[in-house]
Amino acid sequence: MCPMPILSLKKAWKDVTVGQIVAISATDQGARRDIPSWAEATGNTFLGMTEEQGVLIFYLQKVA
Amino acid sequence: MKERMSIVLFSGTVDKLLAASILATGAAAMDMEVDLFLTTWGIEAFRKGAYKTNTRVSRDYEEYGSVMRELMAAKKAPSWWENLQGAKEIGDVHIAACSMTLELFGLTLNDLEPVVDEVTGVATFMERARNSKVTLFI
């Protein structure tokens, strides 16, 4: 539930190394737009999203 | 320099505190600085221990208060207090208490939760708010 996806992502991001690709899952429907927006605002790359049984899975690559 | 969001937090009801806390978390996650200026009922919400017992909701929707609490518990929605802790953890969240309200209520910084950083007046808030990208009154 909002704002947990971006809060969790931001917390986890410091342990990710530059260039690494990360997959994160969320059930919050707002995350469809929030995760790409977060990537844009923080200078990272949003690679895409898949959906499996109501669970959204996002792929991001760390740039900053 | 980081972009900043400044919020005047006038309300002390959990519905509005929840909205403010989500905005603060979002801004912090987006690498923005967050300024919270607590005044009037916003000060009440940050008195030591108050967040544990505060169940007030906006007067207009008073009758939905208990339903909202039940839904939040059932869906494990984070409380405004948990959101704020999270925002502090991931970003630069600065919380100031209004000196006028403190004086009026006979309080000092020691009477408030330790998340409150300092006591300031309106000019300090305005100085920071004038350079903010987002400014809100909640």
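## The contact between chains A and B

In this predicted model, 13 residues of chain B are in contact with 11 residues of chain A, two residues being in contact if their C-beta atoms, placed from the backbone, lie within 7 Å. On the side of chain B that touches chain A, helix H1 (14–29) and helix H5 (80–90) of chain B each supply at least two residues. Helices (H or I, at least four residues) and strands (E, at least two) are DSSP runs, numbered from the N terminus. The residues on this side of chain B comprise six nonpolar, four polar and three charged. Here Ala, Val, Leu, Ile, Met, Phe, Trp, Tyr, Cys and Pro count as nonpolar, Asp, Glu, Lys and Arg as charged, and the others, Gly among them, as polar.

Residues are numbered from 1 along each chain as its sequence is written, while chains are lettered from A and ligands numbered from 1 in the order in which they are written. As the model is predicted, local features need pLDDT of at least 70 and side-chain atom pairs count only at pLDDT 80 or more, whereas totals for chains, interfaces and linings use all residues.

## Met30 of chain B

Met30(B) lies in the loop between H1 and E2 of chain B. Leaving aside residues up to four places away in sequence, Met30(B) touches Trp38(A), Ala41(A) and Thr42(A). Met30(B) has 19 C-beta neighbours inside 10 Å and therefore counts as partly exposed. In this scheme a residue is buried if 20 or more other C-beta atoms lie within 10 Å of its own, exposed if 12 or fewer, and partly exposed in between, with C-beta atoms placed from the backbone. Although 61 residues separate Met30(B) and Gly91(B) in sequence, their C-alpha atoms are 8.9 Å apart in space.

## Helix H1 of chain B

H1(B) has 16 residues and reaches 22 Å from its first C-alpha to its last, close to the expected 22 Å; the expected span is 1.5 Å times one less than the number of residues. Of the 16 residues of H1(B), 14 are buried, so the helix is largely enclosed by the rest of the structure. Asp31(B), which follows H1(B), has a positive phi near 70°.

## The sheet of chain B

Chain B contains an open sheet of five strands in the order E4-E3-E2-E1-E5, with parallel pairing. Strand E4 (118–120) and strand E5 (134–137) of chain B are the edge strands, each pairing on one side only. Two strands pair if DSSP finds at least two bridges between them.

Strand E1 (residues 4–9) and strand E2 (residues 33–38) of chain B run parallel and are joined by six bridges. Arg4(B) stands opposite Glu33(B) in E2(B).

## Chain A and its hairpin

Chain A has two helices and three strands, arranged along the sequence in the pattern α-β-α-β-β. The C-alpha atoms of chain A fill a box of roughly 30 × 20 × 20 Å, taken along the principal axes. Buried residues make up 22% of the 64 residues in chain A.

Strand E2 (residues 45–52) of chain A has eight residues, of which the number buried is zero, so this strand lies largely in the open. E2(A) pairs with strand E3 (residues 55–61) of chain A in the antiparallel sense over seven bridges, and Glu52(A) stands opposite Val55(A) in E3(A). E2(A) and E3(A) form a hairpin with two residues between them, and Gln53(A) in the turn has a positive phi of about 50°.
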